[in-house]
Amino acid sequence: MDPTSDSTAAPPVTAPGTPSAGLATLSVEDRTASGSVPIEEREVVFDCQGVGVRYNGKRALRDVDLRIHANAVTALIGPSGCGKSTFIRCLNRMNDLIPGAAVDGAVAYHGEDLYDPQVDPIEVRKRIGMVFQKPNPFPKSIYDNIAFGPRVLGMKDQLDDRVEQALKRAALWDEVKDRLKEGALGLSGGQQQRLCIARALAVEPDVILMDEPCSALDPISTSAIEDLMLSLTDEYTVVIVTHNMQQAARVADMTAFFSVDQGETGARCGVLVEVDRTERIFTNPANERTEAYVTGRFG
Amino acid sequence: MREGFQEELDALSASVLEEGRVAAHAVSEATRALVDWSVDAFDATLAAEADLKRRYVDTEAHVETVLARQAPVASDLRTVLAVLHINRSLERAAHNAARVAHLATPPPRRALVEEAVITDALRAMGERGAEMLRTSVDAFDRRDPGADRLLAALDELVDRENEKIAETILSIDINDPELRQWASRMLFAGRWLERVGDHAVNVGERVTYMVTGEAPIVEHTG
């Protein structure tokens, strides 16, 4: 599978009924309990310490220390090549699928080492779903797109309800409820992207990662996805990579700015420059590099 | 590097500097009209106020355009917001100057010791108010985050002069209708000149916020 073209978590292949492989289970009640708590005081979903990535020995990202808190939207921004997409793939082990990719440092997910050999990467990608830049529904019906993951995972009870709930959660139900058996490829780009989000939601994830989910969409569809992101945070943790700084300003609770350092050898490597509340990043960032980037004077 | 945007910010900053010059001129002329009964100064005050009203409308429209088209953030956003607020403060300062000019009237013919005290205080307030406005826009021009403290100290002096006027007026024979009318006008003139100082302090505080992003804003209202 090409990890850059999929629009949801990698196809789950664990046997039906397989218990979580080394990862604690969170109930919906656990996820929604933190709504009114200040972001920094909410549960830490990801605690990244010294995270870096090399591709075929060449370092693309280094020394990222970043905490991502529950029930919030965290945006990753920065110029091209700064490693933000590389980093987001560390959060559900998508880099495992790229030949020559090596992740160092530590990524704790709810306090557990995400890269522990005992942890099943398929289970990881079920818990931590992903939506990519280009919506890419399966060439199946709308219904079967949503039902695919639950069927493979053995979550077959009340499948119709599960499909309906996922589509409602993705704000797509009203638009497709009368044509669930029609092909998903007949949907508009924005509808396809929401379908892909619904497909990720159908397997009951804890986290939704979005890698530039609106870059191929028109403003109306973008607005629908942004509204959806905000509504999802009552149950889910959302991490989004975006080139659109106004989008980060609109939807994110926290914003992390990545940039590129150039070493003495001329090699370029992505680094995390600053992370803070979004309003702070866009009104009074602490770091001059962040200021230069968000004001358009750099990058 | 968004050169067009930078040119827009520079133009907004230039507008503020020019408005500051006009507002300070309005206050100086209004003070001259008040204590020297100068018709020329009265006309100059109203002309300056009208000029500043036009500039105020133009600057606000320019800010609206910049916000809509450039979506400024961080220090650029703070600069645009500072311009928006300073624009308002300077327009209000000039409006208060016009109010002062309209209060100009000779004192009663009777020689009054109090008259000298009151007019001297009003002159001091007007001169200091104009100086404060010049200082505040100079701080904007130099992006000086510390001028708010100097302006607050100068404002204390303005307030004291205003209190002196009020105390002096309370001590005179208020049963004299002619004197009462003059004293009332001077009391209001002191009030409007005191507000000029407040507006200059507001400008200084906006400059501090613009530069640091941290300073609390305590608008001097009333």
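Reader: Why does Glu40(A) count as partly exposed?

Author: Because its relative accessibility is 41%, and the scale used here calls a residue buried under 20% relative accessible area, exposed over 50% and partly exposed in between (1.4 Å probe, protein chains only). Before we go on: this is a predicted model, where local features need pLDDT of at least 70, side-chain atom pairs count only at pLDDT 80 or more, and totals for chains, interfaces and linings use all residues. Residues are numbered from 1 along each chain as its sequence is written, chains are lettered from A and ligands numbered from 1 in the order in which they are written, and side-chain values use heavy atoms, with hydrogens and water left out.

Reader: What makes the contact of Glu40(A) with Arg277(A) a salt bridge?

Author: A salt bridge needs a side-chain nitrogen of Lys or Arg within 4 Å of a carboxyl oxygen of Asp or Glu. Here the closest N and O atoms are 2.8 Å apart, so the pair passes that cut-off. It also links distant parts of the chain: Glu40(A) sits in the loop between helix H1 (28-32) and strand S1 (44-55), while Arg277(A) belongs to strand S10 (residues 268-277), 237 residues apart. Helices (H or I, at least four residues) and strands (E, at least two) are DSSP runs, numbered from the N terminus.

Reader: Which other residue meets Arg277(A) in a salt bridge?

Author: Glu279(A) does, at 3.8 Å from N to O. Arg277(A) has a relative accessible area of 27% and is therefore partly exposed. Glu279(A), at 47%, counts as partly exposed too.

Reader: Is Glu91(B) buried or exposed?

Author: Buried: its relative accessible area is 4%. Its salt-bridge partner Arg92(B), with closest N and O atoms 2.9 Å apart, is partly exposed at 25%. Over all chains, a search of the whole structure finds 36 salt bridges.

Reader: Why is strand S3 of chain A called mostly covered?

Author: Five of its five residues, 73-77, are buried. In a regular strand the side chains alternate between the two faces of the sheet. In S3(A), Val73(A), Ala75(A) and Ile77(A) are buried on one side, and Thr74(A) and Leu76(A) on the other.

Reader: How do you know that S3(A) pairs with strand S9 of chain A?

Author: Two strands pair if DSSP finds at least two bridges between them. S3(A) and S9(A) (residues 254-262) have four, in the parallel sense, so they qualify. Four bridges also join S3(A) to strand S8 (residues 237-241), again parallel. Ala75(A) stands opposite Ile240(A) in S8(A), and its bridge partner in S9(A) is Thr255(A).

Reader: How much of chain A is buried?

Author: Buried residues make up 54% of its 299 residues. The chain has 11 helices and 10 strands.

Reader: What share of the contacts in chain A joins residues 24 or more positions apart?

Author: Among contacts (heavy atoms within 4.5 Å) with a separation of 6 or more, that share is 72%.
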